[in-house]
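Here is a short briefing on a protein chain. Look over the sequence and the fold before reading on.

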Amino acid sequence: MFKFMEQKNILISPLDWGIGHAARCIPIINNFINQGCSITIFASEEINNFFKIRFGENIFYINDKSKPFSYNKKISLLKIFHFALKMKKNTIVENRLCAELCENKKYDLIISDNRYGFKHDNIKSVLITHQLMPIPPFIFRFSKPIIKNYLKKIFSSFSEVWVPDYKKPDGLAGKLSHVNFKIPNLKYINPLSRFEKLEINSLPIDENKILLISSGPKNHRKIISKNFASIFEKIPNINVFIIGTTPFETKNKKINTIESPSDNEIFELITTSSIIIAGAGYSTIMDLYALKRSAILVPTRGQTEQIYLSKLHEKNMLIARKFKTLKIMLENLKETSYLLKKKEENFNIFN
């Protein structure tokens, strides 16, 4: 993937906004380990635990105790303004934290996944992002030039910007990752998935098996999981697996929650479930694409990125918003034995 044999000590810090940013770093970390590099992860305790399950003591971990971002479903000009101020402040904090880490140990390369301030002026610093130009809410479209100029300054402050998407438009992220302004230090590195090197097995699809991939910040994952569980409890003859959330009480013993499944467990669940329900986050879409699976996408309210991505992949995915209620959606799928397994030849973003 990437050859940096001369850069042995690498510091990686993914954004703490769910597990997606960490998950897409897995193939990058594997690549550097195979080259004999020393890897240090600077992340929240939850994300470090996620990496420990996969890499054990093969890499070093430093807990980031700074407070992660949070988002609000309700949007207003005042909230956008506060978010912008918070983001600027957070960038300054990230820059200070990075400087402190680099004082204690010499690093040859710094990789930040969507942390705009995590870089060092005297060390090669790389930003991983699929959002070269975020989509503001329609009522705030006037802010696009401001966002564009701000991001151009951010991008130019890094040595390189790596985009986990195909260079060919529209790729997997569409206009999020393909913009009409020049970024000189931009590199497309193709989609990243922790499942990209696993062979898709021939295990049969279980028509009674439903998988819910809970994603996003921790509190959000818990709320979504409980809401879906209340719907699943009323549908007979199904086995439900909910991954990515803390276990909770449920009336139906056939609802199984798995907080921290291994990649092999997730792989088997995705490839054998008849119905997959997931958020519309970009990392989730990259994983589904790698495994040639479709899903019912549930964009998070207020997340313009997820709303856009779900519409972009509408030909390969179902979108929950098409149904009046999630209960009706699931009942219809169950009654018609609807399978979301797509033929490989039809699952092509460039068709």
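The points below run from the whole chain to single residues.

This is a predicted model, in which local features need pLDDT of at least 70, side-chain atom pairs count only at pLDDT 80 or more, and totals for chains, interfaces and linings use all residues. Residues are numbered from 1 along each chain as its sequence is written, and side-chain values use heavy atoms, with hydrogens and water left out.

**The whole chain**

- The protein chain has ten helices and 13 strands. Helices (H or I, at least four residues) and strands (E, at least two) are DSSP runs, numbered from the N terminus.
- The chain has 351 residues, and 49% of them count as buried. Buried means under 20% relative accessible area, exposed means over 50%, and partly exposed lies in between (1.4 Å probe, protein chains only).
- Take the contacts between residues at least 6 apart in sequence: 65% of them join residues at least 24 apart. Contact means heavy atoms within 4.5 Å.

**Helices α2 and α3**

- Two packed helices are described by the angle between their axes and the distance between the axes.
- The axes of α2 (residues 26-34) and α3 (residues 45-55) come within 12 Å and cross at roughly 50 degrees. Axes are lines fitted to C-alpha atoms, for helices over the stretch in contact, and angles run from 0 to 180 degrees between N-to-C directions.
- α2 and α3 are therefore oblique to each other. Angles under 35 degrees count as roughly parallel, over 145 as roughly antiparallel, 65 to 115 as roughly perpendicular, and the rest as oblique.
- On the α2 side, the contact is made by Ile 26, Ile 29, Asn 30 and Ile 33. On the α3 side, Phe 50, Phe 51, Arg 54 and Phe 55 make it.
- Buried residues of α2 are Ile 26, Pro 27, Ile 28, Ile 29, Asn 31 and Phe 32.
- Just after α2 comes Gly 36, with a positive phi of about 80 degrees.

**Ile 59**

- Ile 59 sits in the loop between α3 and β3 (60-63).
- Is Ile 59 buried or exposed? Ile 59 is buried, because its relative accessible area is 2%.
- Not counting residues up to four places away in sequence, Ile 59 touches Ile 29, Ile 33, Ile 39 and Ile 41.
- Ile 59 and Cys 37 are 22 residues apart in sequence, and their C-alpha atoms are 9.5 Å apart in space.

**Glu 160**

- Glu 160 belongs to strand β6 (residues 160-163). Glu 160 is buried, with a relative accessible area of 11%.
- The side chains of Glu 160 and Trp 162 make a polar contact (2.8 Å). A polar contact is a pair of N or O atoms within 3.5 Å; within protein, one must be able to donate a hydrogen and the other to accept it, and residues adjacent in sequence count only if both atoms are side-chain atoms.
- Leaving aside neighbours within four places in sequence, Glu 160 is in contact with Lys 124, Ser 125, Val 126, Leu 127, Asn 185 and Lys 187.

**Helices α8 and α9**

- Eight of the nine residues of α8 are buried, so α8 is largely enclosed by the rest of the structure.
- The cover over the buried residues of α8 includes α1 (20-23), α7 (263-272), β11 (273-278), β12 and α9.
- In α9 (residues 304-312), the buried residues are Glu 305, Gln 306, Tyr 308, Leu 309 and Ser 310. They pack against α8 (282-290), β12 (296-297) and β13 (318-319).

**Backbone exceptions**

- Most residues other than glycine have a negative phi, and most peptide bonds are trans.
- Lys 292 is not a glycine, yet has a positive phi of about 55 degrees. Lys 292 lies in the loop between α8 and β12 and is partly exposed, with a relative accessible area of 22%.
- Asn 190 is not a glycine either, and its phi is positive, about 70 degrees. Asn 190 is in the loop between β7 and β8 (206-213). At 39% relative accessibility, Asn 190 counts as partly exposed.
- The peptide bond from Pro 169 to Asp 170 is cis, with omega near 0 degrees. Asp 170 lies in the loop between β6 and β7 (186-188).
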